[in-house]
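Subject: Structure handover

Dear colleague,

I am passing on the structure we spoke about, with the sequence and coordinates placed just below. My notes on what was found follow, and I would be glad if you could read them alongside the model.

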Amino acid sequence: MIPMRGLWTTARVRAAEERVMARVPAGSLMRRAAFGVATAALELLGGKRRVGLLVGAGNNGGDALWAGYYLRRRGVAVRAVLLAPEKAHAEGLAAFRRVGGRVVDRLGEVDLVVDGIVGLSARGPLRPDAAEHVAHLDAPVLAVDLPSGIDPDTGAITGPAVRAAMTVTFGCLKPVHALADCGEVRLVDIGLGPELAGPDLAELDDAEVGAHWPVPGPQDDKYTQGVTGVAAGSATYPGAAVLATGAALLATSGMVRYAGAAADGVRARWPEAICTGSITDAGRVQSWVAGPGLGTGLSAEAVLRTVLEAGVPVCLDADAITMLANNPDLWDARDPDTPVVLTPHDREYERLAGEVGHDRVAAARRAAEKFRAVVLLKGHVTVVAGPDGRVLVNRASGSWAATAGSGDVLSGLIGALLAARLDPVLAAGCAARLHAVAAERASGGAPIPASALLAAVPDAIRALRSG
Ligand SMILES: NC(=O)C1=CN([C@@H]2O[C@H](COP(=O)(O)OP(=O)(O)OC[C@H]3O[C@@H](n4cnc5c(N)ncnc54)[C@H](OP(=O)(O)O)[C@@H]3O)[C@@H](O)[C@H]2O)[C@@H](O)CC1
Ligand SMILES: Nc1ncnc2c1ncn2[C@@H]1O[C@H](COP(=O)(O)OP(=O)(O)O)[C@@H](O)[C@H]1O
Ligand SMILES: [K+]
């Protein structure tokens, strides 16, 4: 198994920090952290020499003050605004003053701002006094541990927050670093590694997705790689069938069977797909994708029952999710061992499992547990939660995938990876990453329709496999 980029929640980080602090001299962790911040600041300054510190009430502010101390020792002009002067980190402030650091009421003109307002203890958006200072910043911001105002564990931004060009964090990555925009993220080692067990969340990088992507071997034929079945589209919505089938065809080699009322449209666009008008006539498959454009009437319900009974992994999207929300008895058709991947967007999630709320990871986890399914919650940040508690997250680098039909492409990709017998959490995670990369490559900076995203799938696979 390839190691993924792990992320640890604040409770876990604190517990690990306590164990490390018990055996290292007081203040040494903060000094190491602050030295890392100062090093990054010098790099960002690129020869310029004026730094402003925004210093909050806790150790995050202490890091900023100690970073100011190291910067002063390198001849940088550093001034600091203390947001809570009586609570400012005493040793850090004394050290900062000792080397000529100035405390001011307003930062004024500086070349770089160090955000030490709040770190792991952050709750809610920036408070008004801090927000007021942040609102007037012109210079790039280097965030200490995390951009203040963003929730460390959920990445939620519910009001004013710092927008960082770079974030220097310590010991390990926290959820915020994958769930929200923190600029470039750098990690400074403060010796937490041995104290941290497995992460709470993980992120797949391009090379990992490339390494997991199924490719045919010398012994393979069209059947051995897994046959994907697509039960999507309708006479009214043939497009969903064309997109989902196309994605399954482009994602892996082998074979794709399409079954449904859009067979003529699918056949015309994808002559290599084996098409039938009814799911009862479809041959054997190793996975089913069901739902996009399928409708929610009685015949669609019959299709959903058939795929749930088929005993192969199933990816359920769009109308399939709506049907399950409207009629939970449909779940009874599922063999308890059948792996199911549900791919709701927020409104579909709401129908199925209630409000998503600010904590998208918790929401995906809740639904995964409730339905004993892999839940892929779509959006700019895609969260994949498994019923076993594993969570993968993927933050898209752009938003060009926010276009009608792009979800149909995603479900086809997932179906193909399930047919190739990838673990369902990994299948969903790899598909989400590939989808986001395909969107970026297809776009190149201009809006694109979902069919262009689809056409970029081979290019994205090549890029990830060579990465
Ligand atoms: N432990 C270690 O070994 C190491 C820790 N390190 C560093 O310590 C940091 C954690 O420090 P911490 O726990 O002292 O609290 P921190 O995040 O600075 O918050 C301070 C206070 O801010 C307030 N506040 C809350 N929300 C707010 C908001 N939205 N907007 C504005 N203010 C808000 C709230 O105060 P209140 O006013 O509620 O009393 C809170 O108590 C960590 O991120 C890392 O940088 C490193 O040095 C490495 C070694
Ligand atoms: N702002 C965004 N940034 C990046 N990707 C997004 C954004 N909004 C949606 N997406 C992605 O686009 C796809 C949209 O799927 P969906 O909402 O089901 O659309 P449709 O039903 O029209 O196919 C999902 O893969 C989702 O993760
Ligand atoms: K901060």
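To begin with the overall make-up, how many helices and strands does the protein chain have? The model, which is a predicted one, shows 17 helices and 18 strands in the protein chain. With a radius of gyration of 25 Å, close to the 23 Å given by the globule rule for 467 residues, the protein chain is as compact as a globular protein of that length. Along the principal axes, its C-alpha atoms fill a box of roughly 80 × 45 × 40 Å, and buried residues account for 57% of the 467 residues in the protein chain. If one takes the contacts in the protein chain between residues at least 6 apart in sequence, 72% of them join residues that are at least 24 apart.

Turning to the strands, there is an open sheet of 7 strands, paired in parallel and ordered S4-S3-S2-S5-S6-S7-S8. Why is one side of strand S4 (102–104) and of strand S8 (184–188) left without a neighbour in the sheet? Both stand at the edges, and each has a single partner strand, so one side of each has no neighbour there. From one strand to the next, the twist averages 25 degrees. At the S4 end, the pairing with strand S3 (residues 77–82) is parallel and runs over 3 bridges, and Arg79 has Arg102, in S4, as its bridge partner.

The surroundings of the two ligands may be of particular interest to you. Around ligand 1 there are 29 residues, of which Gly58, Asn59, Asn60, Gly119 and Ser121 come nearest. This shell divides into 15 nonpolar, 9 polar and 5 charged residues. Helix H1 (10–21), helix H2 (28–45) and helix H3 (59–73) each supply at least two residues of the shell around ligand 1, and H3 gives the most, with 4 residues.

Around ligand 2 there are 17 residues, and those that come nearest are Lys378, His380, Ser399, Ala402 and Gly407. By residue class, the shell around ligand 2 holds 6 nonpolar, 9 polar and 2 charged residues. Which helix provides the largest share of the shell around ligand 2? That is helix H14 (residues 406–419), from which 4 residues come.

With best regards

Technical notes: Residues numbered from 1 in each chain as written. Chains lettered and ligands numbered in written order. Predicted model: local features only at pLDDT ≥ 70, side-chain atom pairs only at ≥ 80, totals over all residues. Pairing = 2+ DSSP bridges. Axes fitted to C-alpha atoms, helices over the stretch in contact; angles between N-to-C directions. Near = placed C-beta within 6 Å. Nonpolar A, V, L, I, M, F, W, Y, C, P; charged D, E, K, R; others polar. Rg over C-alpha atoms; globule rule 2.2 N^0.38 Å. Buried ≥ 20, exposed ≤ 12 C-beta atoms within 10 Å, placed from the backbone. Contact = placed C-beta atoms within 7 Å.
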